[in-house]
Amino acid sequence: MKRWVLGIICGVALASAAQGQEEAAPLTEAPMETIGRAAFSVPKGYGRLAAIVESSEIHHLYFEDGQGTVRVVLIGPRGAAARARNALQLLSSDVYVIERGLGAVEVVPSGEE
């Protein structure tokens, strides 16, 4: 009997808390911009997003494709005026590429040549 009473009290408390919740705001999507307010998108050939690293408000997005090639895209704020418009922008159209596989450079430890 005590469990029933405790269950009813918990149910009433939970229901009243749920009714007091505000409705969730819907999310809206906005395209990322580059220099000059042109929109950009990441090509599908870059593969999956492997990691995100933040350093001094600059976000390094690491993409890895099926062959193991890693591409680094830099995004972040571009000054006070840009920060007021958009929180993030593409910082450079240059993409850093790290290749692996057959074309990889072999590192030989010093003294063992």
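Tutor: Two strands pair if DSSP finds at least two bridges between them. This model is predicted.

Student: How many bridges join strand β1 to strand β2, and in which direction do the strands run?

Tutor: Seven bridges link β1, residues 48-55, to β2, residues 58-64, and the two run antiparallel. Within this pair, Glu54 lies opposite His59 of β2.

Student: Which residue in the hairpin of β1 and β2 takes a positive phi?

Tutor: Ser56 does, with phi near 55 degrees; the hairpin has two residues between its strands.

Student: What should I keep in mind about side chains along a strand?

Tutor: In a regular strand, side chains alternate between the two faces of the sheet. For the case here, look at the largest nonpolar core, a set of six residues: Tyr46, Leu61, Phe63, Val73, Ile75 and Leu90. Strands β2 and β3 (70-76) are the elements that give two or more residues to this core.

Student: Which residues does Phe63 contact, leaving aside neighbours within four places in sequence?

Tutor: Among them are Val42, Tyr46, Gly47, Arg48, Leu49 and Ala50, and also Thr69, Val70, Arg71 and Val73.

Student: Where is Leu88 placed, and why does Leu88 count as partly exposed?

Tutor: Leu88 sits in the loop between α2 (80-85) and β4 (89-90). Leu88 counts as partly exposed because its relative accessibility is 29%, and that class lies between the buried limit of 20% and the exposed limit of 50%.

Student: What does Leu88 contact beyond four places in sequence?

Tutor: Leu88 touches Met32, His59, Ile75, Gly76 and Pro77, with neighbours within four places left aside. The C-alpha atoms of Leu88 and Glu57 are 9.5 Å apart, although 31 residues separate the two along the chain.

Definitions and conventions
Residues are numbered from 1 along each chain as its sequence is written. This is a predicted model: local features need pLDDT of at least 70, side-chain atom pairs count only at pLDDT 80 or more; totals for chains, interfaces and linings use all residues. Side-chain values use heavy atoms; hydrogens and water are left out. Helices (H or I, at least four residues) and strands (E, at least two) are DSSP runs, numbered from the N terminus. Buried means under 20% relative accessible area, exposed over 50%, partly exposed in between (1.4 Å probe, protein chains only). Contact means heavy atoms within 4.5 Å. A nonpolar core is a set of buried Ala, Val, Leu, Ile, Met, Phe, Trp, Tyr and Cys residues joined through side-chain atoms within 4.5 Å.
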